[in-house]
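Visitor: I would like to learn how to read a structure feature by feature. Could you take me through one, giving the general idea before the particular case?

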Amino acid sequence: MKAIYIEQHGGIEVLKYGDFAAPTAAPNQVLVKIAAAGVNFIDTYQRGGLYKIPLPAVLGMEGAGTVAALGDGVSGFKIGDRVAWAMARGSYSEYCAVPAHLLVHVPAGLDLKQAAAAMLQGMTAHYLTHSTFPIEPGHIALVHAAAGGTGRLISQMVKLRGGRVIGTAGSEEKAAVAKQAGADDVILYRTQDLVTEVKRLTDGKGVNVVYDGVGASMFAASLDCLRPRGMMVTFGNASGPVPPLDLLQLSAKGSLFVTRPTLANYTSPEEVKWRAGDVLGWIQNKKLSLMIEHEYDLKDAATAHSDLEGRKTMGKLVLNI
Ligand code: NDP
């Protein structure tokens, strides 16, 4: 099968397009013929080696397609079903063997490209706003990179739950997209002082929660944006990993909470059904808007990585297989 794979960690030059041995469905796995794969920042960490993976490896942590074969012990799916998943690697290719408990049916009315685009960032936004720090009416959330794939969805879900969003964005164009996604205010964090602006917008009180996928460059300032007993949710490393933290800072800055969650720990079989069901259902009934900004051919995955890492993108990037 054709795939994008790596034999060593490195820059975009290590991404190879070519023939790779097709997987088969082991027990409790489903072989999916892939129609579209979502591109995520985690793919760049796995390519670059920030997150080490066994090599050689086909990249890609989410996709959608049709069921091609069933491993022993699988129930609930049949050949030809339209399905989607996140957090099983190998979607930058024509086929992927996916653990059945990570797979969901794609509802009628949603195309496979939308499903591939929604799963990973959608379930991430869902667990962050519903489980890690469950937003309640009146909460104020600071959402970094609010025009990004995950940030747009977090902002919308905070609003769905009755919260207020202060978004950040790297340009005026991105700020407009963040506002469309429901951000009540947007701070241009490349030119404006984050802490000053957050304090101004919250009458000096600070926010209840920071959802931060940007990482190193925003962490310290973000702690200063929280009100006492607020929660810092650092969930990504777009600008690099957050350095070690002196825990005494948390008491000095107001008995703060810090967590570093990953979707992998919020996807029990029941949670996959709940989160993916909500996300795909909300897209279907237009409560949630998906923005697929760029589509690439599979062989052009390197361009997608370069665009994502270069801060050139808004919303979601998808590879057509
Ligand atoms: P995005 O679409 O949000 O793209 C990243 C954005 O981060 C950029 O567009 C840019 O927006 C901002 N950014 C700020 N500084 C930098 C920098 N130095 N280099 C690159 N980008 C920068 O990507 P994703 O939605 O795919 O992912 C967002 C974050 O969420 C990532 O860190 C990812 O790892 C994390 N994530 C974590 C998960 C988890 O469970 N822990 C699951 C899913 C995603 P701007 O120009 O507006 O600043």
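Predicted model: local features only at pLDDT ≥ 70, side-chain atom pairs only at ≥ 80, totals over all residues.

Visitor: Which residues of helix α4 are buried, and where do they lie when one looks down the axis of the helix?

Guide: The general idea is that an α-helix has 3.6 residues a turn, so residues three or four places apart point the same way. In α4, which runs over residues 172–180, the buried residues are Lys-174, Ala-175, Val-177 and Ala-178. Viewed along the axis of α4, these buried residues fall within an arc of 160 degrees, so they line one face of the helix. The face turned away from that buried side carries Glu-172, Glu-173 and Gln-180, which are exposed. Just after α4 comes Gly-182, with a positive phi of about 110 degrees.

Visitor: How should I read a sheet, and what is the strand order in the open sheet of three strands?

Guide: In general, the strands of a sheet pair through backbone hydrogen bonds, either parallel or antiparallel. Here the order is β2-β1-β4, and the pairing is antiparallel. The edge strands, each pairing on one side only, are β2 (16–19) and β4 (57–58). Strand β1, made of residues 2–6, is joined to β2 over four bridges in the antiparallel sense, and Ile-4 has Tyr-17 in β2 as its bridge partner.

Visitor: Is His-144 buried or exposed, and which side chains does it meet in polar contacts?

Guide: His-144 is found in the loop between β9 (140–143) and α3 (149–160). Because its relative accessibility is 3%, His-144 counts as buried, the cut-off being under 20%. The side chain of His-144 makes a polar contact of 3.0 Å with the side chain of Thr-168, and another polar contact, of 2.8 Å, joins it to the side chain of Ser-222. Leaving aside residues up to four places away in sequence, the residues that His-144 touches include Tyr-189, Leu-194 and Met-218.

Visitor: How much space lies in the largest pocket, and which helix gives the most to its lining?

Guide: Rolling a probe the size of a water molecule over the atoms shows where empty space is left. In this model, the largest pocket holds about 930 Å³ of space. Its lining has 43 residues, and those nearest its centre are Phe-41, Tyr-45, Thr-150, Gly-213 and Ala-238. Helix α2 gives the most to this lining, with four residues, while the elements that each supply at least two residues include α1 (41–48), α9 (301–309) and β16 (316–320).

Technical notes:
Residues numbered from 1 in each chain as written. Heavy atoms only, no water. Buried < 20%, exposed > 50% of the residue type's maximum accessible area, 1.4 Å probe, protein only. Polar contact = N/O pair within 3.5 Å; in protein donor to acceptor, adjacent residues only side chain to side chain. Contact = heavy atoms within 4.5 Å. Pairing = 2+ DSSP bridges. Arc of directions from axis to C-beta. 1 Å grid on protein atoms, 1.4 Å probe; cavity = no way out; pocket = protein on both sides within 12 Å on 5 of 7 lines; lining within 4 Å. Points joined across faces, edges and corners; volume = space filled by probe spheres on them.
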